[in-house]
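Visitor: I would like to learn to read this structure feature by feature. Where shall we start?

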Amino acid sequence: MKSISILSLILINAGILTGNSAPSETAVRWVSKSKEYQAVCQQTYLSAWEKVKEGAKKTSSPWAVVMDIDETLLKNSQYQIELNAKNASHSQEAWEAWVNRTEAKPVPGAKEFILKMRGLPNGRIIFLSNRFARNTEATRRNLQKHGLTSKNDVFLLRKDKKDTKANRQREVAAGSGRMAPHVKMKILAWFGDAAHDFSDDPKLKWGFQKFMLPNPVYGNW
Ligand SMILES: [Mg+2]
């Protein structure tokens, strides 16, 4: 018999361990209403700006930052609020309908970071997201509405289910595959809201080259 401890069962029932439970309303409310969420995001982007600014000064070669999109740059709490109101749960179909509405708002601090970053020479953004590549145009339009795109940005979205983030992170590191047509770039920073958004290179450190945004609504934990 598969063992699951009585304690785990009690904690799952009490909502303390998540199992595969639906996102909690408390988590959604924290992201959509709290000043604390806004402060953590702004704090992350402000400290990233200090590091990226310094890094850009020290390099004469082309450079980039790698950014996840959902819950890193764009906030999707409205999607979750609407699902909760309908007593519905997340599905690929509902998600893509939301993506194509292009109504997601920027995560606090993200726009300010990007605008400042655009003022530095030789920098680009590589958007590395698990949104499917078929939604690249909708994604670009949503980002454009908030002034978050530039024509030399790279969109590395997911070709198919087998195209993992790790796959695309390797292409970024090696300048191979979809990165081959682009000039080789030094990566100054990685941004994400989940562990798999980051390169597993042990030389990269939190708060120096890796910047995590909070997401209590969903994840592989
Ligand atoms: Mg994300």
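Guide: With one residue. This is a predicted model. At 26% relative accessibility, Asn167 falls in the partly exposed class. Buried would need under 20%, exposed over 50%.

Visitor: Where does Asn167 sit?

Guide: Asn167 belongs to helix H8, residues 165–174.

Visitor: Now a helix. Which residues of H7 are buried?

Guide: First the general idea. An α-helix has 3.6 residues a turn, so residues three or four places apart point the same way. Now the case here. H7 spans residues 136–145, and its buried residues are Thr136, Ala138, Thr139, Asn142 and Leu143.

Visitor: Why do they count as being on the same side of H7?

Guide: Because the arc they cover around the axis is only 165 degrees.

Visitor: What does the Tyr79 and Trp98 pair tie together?

Guide: Tyr79 is in helix H4 (residues 77–85) and Trp98 is in helix H5, so the pair joins parts 19 residues apart in sequence. Both residues are buried.

Visitor: And Phe127 with Phe155: how far apart are the ring centres?

Guide: The centres are 4.8 Å apart; the planes meet at 35 degrees, so this pair is tilted. Phe127 lies in strand E4 and Phe155 in strand E5, so the pair ties together parts 28 residues apart in sequence. Phe127 has 0% relative accessibility and counts as buried. Phe155, at 16%, also counts as buried.

Visitor: Which residues do ring pairs link into a cluster?

Guide: Tyr45, Phe113, Phe191 and Phe211.

Visitor: Last feature. Which charged residues lie over ring faces?

Guide: Look for the distance to the ring centre. Arg134 lies over the face of Phe132, 4.4 Å from the ring centre. Lys210 sits over the face of Trp206, at 4.2 Å from the ring centre.

Technical notes. Residues numbered from 1 in each chain as written. Predicted model: local features only at pLDDT ≥ 70, side-chain atom pairs only at ≥ 80, totals over all residues. Heavy atoms only, no water. Buried < 20%, exposed > 50% of the residue type's maximum accessible area, 1.4 Å probe, protein only. Helix = DSSP H or I, 4+ residues; strand = E, 2+ residues; numbered from the N terminus. Arc of directions from axis to C-beta. Phe/Tyr/Trp six-rings, centres within 6.5 Å; stacked < 30°, edge-to-face > 60°. Lys NZ or Arg CZ within 6 Å of the ring centre and 35° of its normal.
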